[in-house]
Amino acid sequence: MDTIVYLYHSKEPVRFVTEKWQEKEYCLIRLGVPALLWQNLRKKEGEEEQGEVQENVRRLLGELPSIQTALRFLGNNPNWTYCAYEGILREKLDMEIWQQYWDIPEFAEYHVYPWVGMMMEQASCDRYLILGYAPCLGKILCGCAERLRSVTWYLLQEQYIQAVQNFVEDFYQEYGLAIELHVLGENESWVKIHPSSTASVNVLDFTGEEKLSACNVAKGSIWLDMDSLEGKSRRIETRNPQITYCSMKKLWKQRQKEPIRLDTINKNRYNT
């Protein structure tokens with residue numbers, strides 16, 4: 001079972017803040033990076049504040065190795081611990097300096113089952129609009145086939161492989177539902193298309209394209225961003241308020257269920 005450490009910018013000035021959630025499929029730990037760090041790690045040479053501020057910055061960076069060890073053991077398997085960054089934190093931190101002290105690998109399995117399956121829990125429409133490809137899509141579609149009214153699927157030419165063609169044919173024979181395929185031309189890209197729907201749909205977005213248009217997607221649709229691009233989140237939620245945007249990072253950021261709070265490592269200068 002994986003452990004995800006979600007790093008975000010905290011308003012706590014000089015203290016790491018830790019909360020843990022035990023989910024069914026994985027463990028989520030949110031780690032708040034103190035303001036002193038993210039406010040000072042991007043200052044250019046000659047602009048650094050002296051004295052107590054820099055002493056505290058060095059102290060906080062020095063705590064990171066022991067914090068990482070503790071976080072790995074708070075989860076269920078120290079060898080399966082990954083991190084994800086809040087977008088604004090990544091922008092504020094000097095990642096070159098940060099990664100000299102932080103060595104938990106970044107999570108990259110967004111397109112892999114069961115993570116896609118967990119995202120599908122947010123889908124509530126009986127029509128699907130699929131953008132792009134992931135190896136687990138066959139499993140996903142077969143799992144909800146009895147509830148489907150329509151499936152429209154957009155693919156790049158290189159994604160229209162024999163396995164996709166075979167699946168589309170087999171899906172029709174097994175469930176009696178024809179998947180409407182749109183294969184992009186040689187000179188087409190995701191930013192040039194305008195996917196549309198006349199009724200609310202679940203948009204399964206595997207494109208990894210931040211500037212994809214959502215203006216022609218019907219009101220009440222659910223946009224599942226399988227790459228968790230926070231720039232896309234801001235664009236869709238600002239320009240298309242009639243659509244509900246969802247991603248794993250958004251779920252991790254907004255987790256509402258009461259966390260498990262552990263106070264046993266308080267003495268090590270950070271809160272758990």
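**A close look inside the model**

Tutor: Happy to. Keep in mind that this is a predicted model. Let us begin with Val5, which has a relative accessible area of 0% and is therefore buried, since the cut-off for that word is under 20%. Val5 sits in strand E1, which covers residues 3–9. Setting aside neighbours within four places in sequence, Val5 is in contact with Ile29, Leu31, Leu71, Thr81, Tyr82, Cys83, Ala84, Trp102 and Ile104.

One of those contacts, Tyr82, leads us to the rings. Tyr82 belongs to a cluster in which ring pairs link it with Tyr26, Phe107, Tyr110, Trp115 and Trp252. The count of aromatic pairs comes to ten. Take Phe107 and Trp115: their ring centres are 4.8 Å apart and their planes meet at 65°, so this pair is edge-to-face. Phe107 has a relative accessible area of 4%, so Phe107 is buried, and Trp115, at 5%, counts as buried too.

Phe107 also forms an edge-to-face pair with Trp252, with 5.8 Å from centre to centre and 75° between the planes. Phe107 lies in the loop between helix H4 (95–101) and helix H5 (115–119), while Trp252 lies in helix H9 (residues 248–254), so the pair ties together parts that are 145 residues apart in sequence. Both Phe107 and Trp252 are buried.

Note on methods: Residues numbered from 1 in each chain as written. Predicted model: local features only at pLDDT ≥ 70, side-chain atom pairs only at ≥ 80, totals over all residues. Heavy atoms only, no water. Helix = DSSP H or I, 4+ residues; strand = E, 2+ residues; numbered from the N terminus. Buried < 20%, exposed > 50% of the residue type's maximum accessible area, 1.4 Å probe, protein only. Contact = heavy atoms within 4.5 Å. Phe/Tyr/Trp six-rings, centres within 6.5 Å; stacked < 30°, edge-to-face > 60°.
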